[in-house]
Amino acid sequence: MKNLVEINNITFRRGDRVIYDNISMNIQAGKTTAIMGPSGIGKTTMLRLIGGQLKPDSGDILFEGNSIPSMNRQDLFDCRKHMSMLFQSGALFTDMNVFDNVAFPLREHTKLSEQLIKIIVLLKLQAVGLRGASELFPSELSGGMARRAALARAIALDPKLVMYDEPFAGQDPISMGVLVKLIKELNDALNLTSVVVTHDVTEVLTIADYIYIIADKRVIGHGTSEEIRNSDSALVQQFLNGKADGPVPFHYPAPSLEESLF
Amino acid sequence: MDFFARIGRSIIDNCSTMGRASILFWGAMVAKPQPTKSIPLVIKQMYVVGVQSLLIILVSGLFIGMVMGLQGYTVLVNYGAEESLGPMVALSLLRELGPVVTALLFAGRAGSALTAEIGLMKATEQLSSLEMMAVDPLRRVISPRLWAGIFSMPLLALIFSAVGILGGHLVGVDWLGVDAGSYWSIMQAAVDFNDDVMNGVIKSIVFAVVVTWIAVFNGYDAMPTSEGISKATTQTVVHASLAVLGLDFVLTALMFGTE
C-alpha cells in the first residue's frame, strides 16, 4: 500500500524540551490512521508538523514524496490545497454563517460560479447533516454541530488528506457517535486519507485501520486495532485500560513527600 | 550581573518584537493584490473601523470646537481681537487637534477592537485554519485592516476638524456674538491649504499607519489566552497614544519649526 505521508526519523524540540526523539511513522493512502497517546505529549504538534506549520529540528516529512520542511511558502500553500485539518475548536470564522464558512475555500482557490459553489456547499453540508443549518452563525451552533460544519469546510476542496485534531474531545455520546460515523463514512466514500489524533481509545479502535501510540517522545506501539489490543507493552496496556499508575506515573516528578513536608 | 542580564534580555526582546512587527508590516503592505477579493474586504473594514468611529469623532469634534470657541473668546476679547477667533479655532484644529485627537480616539475605539479581534482569531485557531487552507492571514486578515485604517483616519481627522470649526462657530458666533463674516473671512485669509490643511492630512496619514500597525501587530503577536489578549489590547492603546504624541512633536518640528 502506498504511503501518502512518511515521517522519517524526526526530532522536534520546544526550547530545551524534546517533544519527539527520532520518531518515524507512515500514513497509508486511503486509510484511517490514528495517533494516540496521553495528554500533553504533542499529538497536535505532529499534525502541525505534517501541515508544515512547524519544522522539525531534524528528519524529514514527505507528502506524496515531497519534503514538507524544505518547501518554500508558495509550494507549501500549493501542497496545503491537498490537505485539510479539523481543529479541536472547529475554528469556524465567526463573522460568517455556516454556508459562507464552507464556501470560503472554494471562493479562495477556485473560479467556480456562485451557482456551482452553492450546489457544492449544500452537498457537503448534506453529507454532515447540517444543510438545514446553513444560515446559522457559529455562535448559534452546539459544539458537535460546529465540528461537523468545520468538517464540511475541511472536505470542501476534496482534499487527499484530512487531519482531525481531537475530534471527540468534550462531545456527548450522540455527537461522538455522529462524528465517528462521519469520519469513517467520509473516508470510505470520498477515498480520503485520514489522520485522527485522539486519546479516546474506544471510539478510535472501531474506525482506525492503523494505530500509532506515542508516549515518552517516541512510538511505543503501532499496528492494527487487534495488534494494539494484544500488545504486551505495559505502557500500551496502561494507556488502553486507563490505569492511573504504571509506566506513566500518577505523580508528577517531585522531591519525596517527607522532604517537602518537613 | 542579574541587572545587566535583564537589561540585555529586554533589549533583545524589544529588537525581536520590532523585527516581527516589521516583517508583518512588509508582508501585509506588499501582499499580492487580488482586487476582486481585496477591495470588498477593505471596504468592509473601512465600515468597521471608519464609519463605526464616526459618532465618537463627531461628538468629540463638536465639543472640542465649542470649548476652543469659548476659551479663545475669553482670552481674545480682552485684547479686542475676538474677530480672530475663526483662524485660532481653524488653525488649532487643522494643524494639531484634528489629527492628534482623532488618532487618540481611533486608537481607543478602533485600535483596541482590531487587536482584540485579531487576538481572538488567533486564540480560536482561525488564523491557523487560514494557514492550513493555504490562505495567507497577512493578505486576508491583516492587510485589509491596515489599509482600512490608513484610508479612514485622514478622512475622520478632516471630519473632526470641520465639525470642530462648526462647534467654534456655534459658541463664538451664535452664542457670544462674534461677527459671522469676520469668523469666516479672517479664517479663509489665514488658513493656507498646503501649509495647514495638507500638513494636517500628512500628519494624520502618518498617525494612521502607526496606530493601525501597532493595533494589528499586537493582535497578531498576542499570547492566545484571555490574559494575553487583555494585555495586547491595553498595549495597543498605550503604545499607540505615546507614539502619536511623540511623532506629533517630530512632525510639528519638521513642518512648522522653521517658520
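Strand S6 of chain A gives the largest share of the lining of the largest cavity, four residues. Strands here are DSSP runs of E of at least two residues, helices are runs of H or I of at least four, and both are numbered from the N terminus. The model is predicted, and totals for linings use all residues, while local features need pLDDT of at least 70 and side-chain atom pairs count only at pLDDT 80 or more. Residues are numbered from 1 along each chain as its sequence is written, chains are lettered from A in the order in which they are written, and side-chain values use heavy atoms, without hydrogens and water.

What is a cavity? On a 1 Å grid over the protein atoms alone, it is a set of points where a 1.4 Å probe fits but cannot get out, and lining residues have an atom within 4 Å of a point. The structure holds two cavities of 30 Å³ or more.

Let's visit the largest cavity, with a volume of about 170 Å³ (the space filled by probe spheres set on the points, which are joined across faces, edges and corners). Of its 17 lining residues, those closest to its centre include A:Ser84, A:Arg153 and B:Met133. Strand S6 (83-86) and helix H5 (143-154) of chain A, together with helix H5 (126-132) of chain B, each give two or more residues.

Now for the second largest cavity, of about 60 Å³. Among the residues lining it are B:Leu94, B:Pro154 and B:Val201. Helices H4 (85-123), H6 (137-175) and H8 (193-220) of chain B each supply at least two lining residues.

Terms used
On a 1 Å grid over the protein atoms alone, a cavity is a set of points where a 1.4 Å probe fits but cannot get out, and a pocket is an open set with protein on both sides within 12 Å along at least five of seven lines; lining residues have an atom within 4 Å of a point.
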